[in-house]
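Here is a short briefing on one protein model. Keep the 3D view open as you read.

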Amino acid sequence: MRDDDGSLKFQVLSFPGTGVLGGVDLAIAKDSPHKEEARELIYYLISEEVQERLFACAGYPPVVTALYERYESSGTARTCGQLTADGGDGAARQAERDTEITGGQLARFAGEVRQAVEHARPRPMSAYYATFSQVFRSCLLPVATTTSGAAPDFRYFSDALRDALNGRLRSDDACHPPAEAAHKIGH
């Protein structure tokens, strides 16, 4: 995670253009026999304390605006080690401290995440969003995890995504047109 000089081997930047909001919703089933316990769990999960730990220790974007402000203010960003200093094996904690993201790095990360969230739009409304996600992941995962350069045909891929949002899942490869179609469109 770090170079020999201690700097991070990666950089966090806002997504160029407009991002898409989406994620996890917390809800209670109307016929739940444990509504009060579920409500308490939800309030716990969205508390500043838990949101700060999820951000500093796991990189999850906070749902609490005050945390962005706290992390972006100079000198107030707490690291995962500072938030979890009350427990754990000493040797394991030392290894974590050696690789931990610093307060300054967390502050920059908070700024980038906040900017991305503020400029994002809600994800498309579709009863077929799960199908859309399946097509999206199936085409981009190989691009992100290999170095072969086998990028999808993005024009064909965008058509497959549009079809998926409308509930139509192509039986062919959503990332690449069939060989005969590729010849027709000039590939």
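This is a predicted model. Start where two helices meet: Thr-65, Tyr-68, Glu-69, Tyr-71 and Glu-72 in H3 contact Leu-106, Ala-107, Ala-110, Gly-111, Val-113, Arg-114 and Val-117 in H6. Sorted by class, this contact holds 7 nonpolar, 2 polar and 3 charged residues.

**How the two helices cross**

- Two packed helices are described by the angle between their axes and the distance between the axes.
- Helix H3 covers residues 65-72, and helix H6 covers residues 103-118.
- Their axes come within 8 Å and cross at roughly 140°.
- That angle makes H3 oblique to H6, because only angles over 145 degrees count as roughly antiparallel.
- The crossing of H3 past H6 is left-handed.

**The largest pocket**

- Rolling a probe the size of a water molecule over the atoms shows where empty space is left.
- The volume of the largest pocket is about 1200 Å³.
- Its lining counts 33 residues.
- Nearest the centre of this pocket lie Val-20, Leu-21, Gly-22, Gly-23 and Pro-61.

**What lines the pocket**

- Which element gives the largest share of the lining? H6 does, with 5 residues.
- H3 supplies at least two lining residues, and so does helix H2 (48-58).
- Strand E1 (20-21), strand E2 (121-122) and helix H7 (129-145) also supply at least two each.
- By class, the lining divides into 22 nonpolar, 6 polar and 5 charged residues.

Technical notes: Residues numbered from 1 in each chain as written. Predicted model: local features only at pLDDT ≥ 70, side-chain atom pairs only at ≥ 80, totals over all residues. Heavy atoms only, no water. Axes fitted to C-alpha atoms, helices over the stretch in contact; angles between N-to-C directions. Helix = DSSP H or I, 4+ residues; strand = E, 2+ residues; numbered from the N terminus. Parallel < 35°, antiparallel > 145°, perpendicular 65-115°, else oblique. Left-handed = near helix turned anticlockwise from the far one by under 90°. Contact = heavy atoms within 4.5 Å. Nonpolar A, V, L, I, M, F, W, Y, C, P; charged D, E, K, R; others polar. 1 Å grid on protein atoms, 1.4 Å probe; cavity = no way out; pocket = protein on both sides within 12 Å on 5 of 7 lines; lining within 4 Å. Points joined across faces, edges and corners; volume = space filled by probe spheres on them.
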